[in-house]
Amino acid sequence: MLEAEKEKVIGSGRSSKDYWKEIWEARELFWILAKRDVIVRYKQTILGVAWSIIRPLITAMVMGFAFGKLAKLEVDTPIPYILVVMPGVIIWLFFSQSLQQLSLSMVLNSNLVTKVYFPRLIIPFSTILLGLIDMAIAMLLFVGLCFWFHFVPDWKIVFVPLFIVLCYLSVFGVGLMAAVLNVKYRDIGQIVPFIIQFGYFISPVAYVTDLAAGKWYYYPFILNPVTGVIDAMRWAMLGDFAKFNWISFIPMLVFILLTFFVSIRFFRKHENSFVDHI
Amino acid sequence: MSAALKIENVSKKYILKHNAQKVNSVRDMFDFSEGGFFSGKQKSTSETFWALKDVTFDVQQGDRIGLIGSNGAGKSTLLKVLSRITEPTHGSIRVRGRMASLLEVGTGFHPELTGRENIFLNGAILGMKNHEITKHFDAIVDFAGIEKFLDTPVKRYSSGMYVRLGFAIAAHLEPEILVVDEVLAVGDADFQKKSIGKMKDVSRSGRTIIFVSHNLTAVQGLCNNGAYLRNGQLIKFGEMDSVINEYIKNVAKFQLQQSWDRPEDAPGNDNIRIKSIELNSMNDLGNKIFDTRTPFKICFDYWNMYEEANLNISLFLYSMAGECIFNIANELQTFKKGIVRSECLIPGDFLNDGSYYISVMVVKDGVAPAFFFEDALVFDIQDFREGTDWYGKWPGAVRPKNLIIKSSQLELE
């Protein structure tokens, strides 16, 4: 059998066909790395998974209070303001967490990068599970709130998984590029938390996009891909509350198409030199 | 037999930047000091460094190759290229069969995870399929001897347990080609024995092993063929023993002989001048190679400038740490002016392995030093063992084999 086995050639420059095949062959590793991140997350905590409920709940309550009551944004909403905030909070937590995990992924796994070979793309890919689980738990929380406020979302809620995929795709490209740059320039590790900190004020997390409509800054505002996702989520989750906003949706799709392929090319170009810089 | 690995003209280049102006963080940009980013003096120079240069050799299926060389010779770079962690700048490697590399024990172990979880994690990282790990799970736990601690986070493991678990997982990989780096440098003697035994089993089953170690004894015990690298180049490839001899000849910074043609240039004083001193081994490996079983001869000539004097020789042998292992002297003899030769035979199976140096003193009338020739010879004795599976450092200054311990059963229960 050995004679029949295909010869593998290690040299400079590899074919991309084999690369995707290798990624497929490493799917068990992907799964186990993803599981590792999840298991490790709440080790040595008392509340454990409860944190995944506490975080979105407290965030939504604080925002509902600050923006709804103090900033008096709740006066013209027909549904409880906390429900308006929820899709924003869910998306924002998913987005920011994924961005953070992605950008740090290569550096955090440097012990693997320097000692074992496997397609490196597995590492950033494997960070997705953690965010997805948190997202699923936050969705349950939303369902709970719906019961509490006797609010019934309509059929459009079936689009939610699609928008979650779009949200991940929109963060993936940026996160992947940040991960590559972070290998050589650790400044990225400083910039990302900073972006996350202010990004949430320029995205319609705790307010609605309509507030900006008609203003001069409306067009730069809707270029933010997170705006597109949150608008779409509000449309899907909140019944008749929001209309579908194509003006923010299309820039998001363009953003995804651009960053996704560019970032994968960028990653492929640099992954072989990670070990020399990490 | 077919080639499992064909390494063809593999080279790896690194660019070294000296006094580099590379801006790796924002802080560097605000370095206003001389030569800083804003000082305008961009005087960085770069140098090409070939960690590997045109390395070519074939590894046959079932071969056990020992890679040796001093630090920085390119052994680790070659292993990294072989295990695809880094790409070669030129050249290629053709691999036939599934290859696994083990550059570290317990790669990717997560301290928070339990032993059980880490077995699956590490196994997957090393390229095992889930069902293979499940199949070998009990054997791994048994080999590592950690049954009781299976559900304890590995951060609470002793370092020995950690290493044992790491090696146990790696040992149950079933690749056709296994690349191993220095893993035997860790762990206690018992575990080293176990792991060498395991590697021997692996090689007996027809698998190919490439093994890097500084422990020549272990390499010798395990490998049939060897490759000696120096400064990124392959110096010798062939039978392990001859490769090791080549290596020893090269790395030894010994001083195995010194000689002077004219008394005027030679060290000494008005009465005694050193002519030559030489160390020769009395075995058939070539007379500059010493291992623990080699008898060797010290040959010492000096010019005696006294018209007539009662002289003898006192010889000191020191360990590298400066400890005197022994001092011997010969009988007083009367010598006329001229050259005096003295010889001393040191038997094999007497000194332990290690580095030694020798000083010689010429003594007049049995009491007065006429000349003390310090650090005259420096040499290394290599380890040699057979019939044992233990490769740890042999303790002691001497290893006298002719001292025999006899045991007998005194009483039966």
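Helices (H or I, at least four residues) and strands (E, at least two) were taken as DSSP runs and numbered from the N terminus. On this basis chain B has eight helices and 16 strands, whereas chain A has 13 helices and one strand. The structure is a predicted model, in which local features need pLDDT of at least 70 and side-chain atom pairs count only at pLDDT 80 or more, while totals for chains, interfaces and linings use all residues. Residues are numbered from 1 along each chain as its sequence is written, chains are lettered from A and ligands numbered from 1 in the order in which they are written, and side-chain values use heavy atoms, with hydrogens and water left out.

In sequence order, the pattern of chain A is β-α-α-α-α-α-α-α-α-α-α-α-α-α. The C-alpha trace of chain A spans about 75 × 45 × 35 Å along its principal axes. The radius of gyration, taken over C-alpha atoms, was set against a globule rule of 2.2 Å times the number of residues to the power 0.38. For the 278 residues of chain A, a compact globule would have a value near 19 Å, and the 21 Å of chain A agrees with this.

Burial was assigned from relative accessible area (buried under 20%, exposed over 50%, partly exposed in between; 1.4 Å probe, protein chains only). Of the 278 residues of chain A, 50% count as buried; of the 413 residues of chain B, 47% do. Accessible areas come from the Shrake-Rupley method with a 1.4 Å probe, and for residues only the protein chains shown count as cover. The accessible surface of chain A is about 13,900 Å², with 71% belonging to carbon and sulfur atoms. For chain B the accessible surface is about 20,200 Å², and carbon and sulfur atoms hold 48% of it. With contact defined as heavy atoms within 4.5 Å, residues 24 or more positions apart account for 80% of the contacts in chain A with a separation of 6 or more. In chain B, 68% of the contacts between residues at least 6 apart in sequence join residues at least 24 apart.

Helix α12 of chain A covers residues 246-270. The expected span of a helix is 1.5 Å times one less than its number of residues. For the 25 residues of α12(A) this gives 36 Å, and the end C-alpha atoms are 36 Å apart, which agrees. Buried residues of α12(A) include F249(A), M252(A), I256(A), F260(A), I264(A) and F267(A). Polar contacts are pairs of N or O atoms within 3.5 Å; within protein, one must be able to donate a hydrogen and the other to accept it, and residues adjacent in sequence count only if both atoms are side-chain atoms. At the start of α12(A), a side-chain oxygen of N245(A) comes to within 3.2 Å of the backbone nitrogen of I247(A).

Aromatic pairs were identified from rings of Phe, Tyr and Trp (its six-membered ring) with centres within 6.5 Å; planes under 30 degrees apart count as stacked, over 60 as edge-to-face and the rest as tilted. The whole structure holds 42 such pairs over all chains. The pair of W155(A) and F159(A) is edge-to-face, because the ring centres are 6.2 Å apart and the planes lie at 65°. W155(A) is exposed, at 60% relative accessibility, and F159(A) is partly exposed, at 29%. W216(A) and Y217(A) also form an edge-to-face pair, at 5.3 Å centre to centre and 85° between the planes. Here W216(A) is exposed, with a relative accessible area of 73%, and Y217(A) is partly exposed, at 34%. One aromatic cluster is formed by W155(A), F159(A), F163(A), W235(A), F244(A), W246(A) and F249(A).

In chain B, strand β16 (residues 368-381) contains F372(B) and D375(B). F372(B) is partly exposed, with a relative accessible area of 27%, and D375(B) is partly exposed at 43%. Leaving out residues up to four places away in sequence, F372(B) touches F316(B), Y318(B), S359(B), V360(B) and M361(B). With neighbours within four places likewise set aside, D375(B) is in contact with Q255(B), Q258(B), Y357(B), I358(B) and S359(B). The C-alpha atoms of D375(B) and L317(B), 58 residues apart in sequence, are 9.4 Å apart in space.

E132(B) lies in helix α4 (residues 130-144) of chain B and is buried, with a relative accessible area of 11%. The side chain of E132(B) makes a polar contact of 3.3 Å with that of R98(B) and reaches the backbone nitrogen of K129(B) at 2.7 Å.
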